[in-house]
Amino acid sequence: MARRTARIRNNTAQATRPKRGRAAWLILTALVAGVAGGIFARRVAVPAGNSQPGKRTATEPVDTNTPDVLLPRTEPVEISTRMRPGEWTEESLQAHIEDYRQQIRNMGATDAEIVTNVERTDEGAARVVVSWNRTGL
């Protein structure tokens with residue numbers, strides 16, 4: 001019985017031992033796959049004719065009308081903030097309001113379309129909402 005078990009053990013050891021050249025083949029395959037993946041990633045990340053990722057060429061147009069960037073024309077645009085007591089003065093509040101109004105003007109709103117709402121609490125806090133109501137467009 002002991003001899004038979006020894007023979008099984010030897011056969012098992014031989015069966016799990018890798019064949020010659022298999023390790024080298026696996027390393028070579030992984031290396032080739034890594035290089036191919038790097039080349040593919042470079043082509044996807046950098047458009048043709050552009051040597052540096054993230055930089056646009058002078059001839060490449062900037063598309064500002066992509067649907068994932070712009071809101072639907074019926075949705076209002078709103079910029080708002082809340083300021084705690086002691087964080088603001090009347091001058092800084094007016095500066096915030098004018099800055100928000102200018103940001104909405106830069107988006108294409110006219111002064112007639114911009115709505116400003118300032119709420120002051122009894123504790124001295126303020127909430128500023130400047131919005132562009134585009135539902136009438």
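In what order do the three strands of the open sheet stand? The order is E1-E3-E2, with antiparallel pairing.

**View 1. The whole chain at a glance.**
Welcome to this predicted model, a protein chain with three helices and three strands. Of the 137 residues in the chain, 15% count as buried. The chain exposes about 11,300 Å², and carbon and sulfur atoms supply 56% of that area. Consider next the contacts between residues at least 6 apart in sequence: 57% of them join residues at least 24 apart.

**View 2. An open sheet of three strands.**
Here the strands are in the order E1-E3-E2, and their pairing is antiparallel. Strand E1 (77-83) and strand E2 (114-120) stand at the edges; each has a single partner strand, so one side of each is left without a neighbour in the sheet. From one strand to the next, the twist averages 10 degrees.

How many bridges join E2 to strand E3? Seven bridges do so, and the two strands run antiparallel, with E3 covering residues 126-132. You can follow the pairing residue by residue: Ile-114 has Trp-132 in E3 as its bridge partner, while Arg-120 stands opposite Ala-126 in E3. Between the strands of this hairpin there are five residues. In the hairpin, look for Gly-124, which takes a positive phi near 105 degrees.

**View 3. Helix H3 across the sheet.**
Helix H3 is made of residues 90-106 and lies across E1, E2 and E3. Compared with E3, the helix runs at about 20 degrees.

**View 4. The largest nonpolar core.**
This view brings together the 14 residues of the largest nonpolar core. Which of them touch the most other members? They are Leu-93, Ile-104, Val-128 and Val-130. At least two residues of this core come from each of E1, H3 and E3. In soluble globular proteins, nonpolar side chains tend to be buried together.

Now pick out Val-128 and see what surrounds this residue. Leaving aside neighbours within four places in sequence, Val-128 is in contact with Ile-79, Ser-80, Thr-81, Met-83, Leu-93, Ile-97, Tyr-100, Asn-117 and Val-118.

Not counting residues up to four places away in sequence, Ser-131 touches Val-77, Glu-78, Ile-104, Glu-113, Ile-114 and Val-115.

**View 5. A salt bridge between Arg-120 and Glu-90.**
The model has four salt bridges in total, and one of them is shown here. The side chains of Arg-120 and Glu-90 meet with N and O 3.0 Å apart. Arg-120 belongs to strand E2 and Glu-90 to helix H3, so this pair ties together parts that are 30 residues apart in sequence. Both residues are partly exposed: the relative accessible area is 45% for Arg-120 and 38% for Glu-90.

**View 6. A network of salt bridges.**
Which residues are linked in a network of salt bridges? Glu-98, Arg-105 and Asp-111 are. Arg-105 takes part in two of the pairings described here: with Glu-98, the closest N and O atoms are 3.2 Å apart, and with Asp-111, the N to O distance is 2.6 Å.

Technical notes: Residues numbered from 1 in each chain as written. Predicted model: local features only at pLDDT ≥ 70, side-chain atom pairs only at ≥ 80, totals over all residues. Heavy atoms only, no water. Pairing = 2+ DSSP bridges. Helix = DSSP H or I, 4+ residues; strand = E, 2+ residues; numbered from the N terminus. Axes fitted to C-alpha atoms, helices over the stretch in contact; angles between N-to-C directions. Contact = heavy atoms within 4.5 Å. Buried < 20%, exposed > 50% of the residue type's maximum accessible area, 1.4 Å probe, protein only. Areas by Shrake-Rupley, 256 points an atom, 1.4 Å probe, with all protein chains shown as cover. Core = buried A, V, L, I, M, F, W, Y, C linked by side-chain atoms within 4.5 Å.
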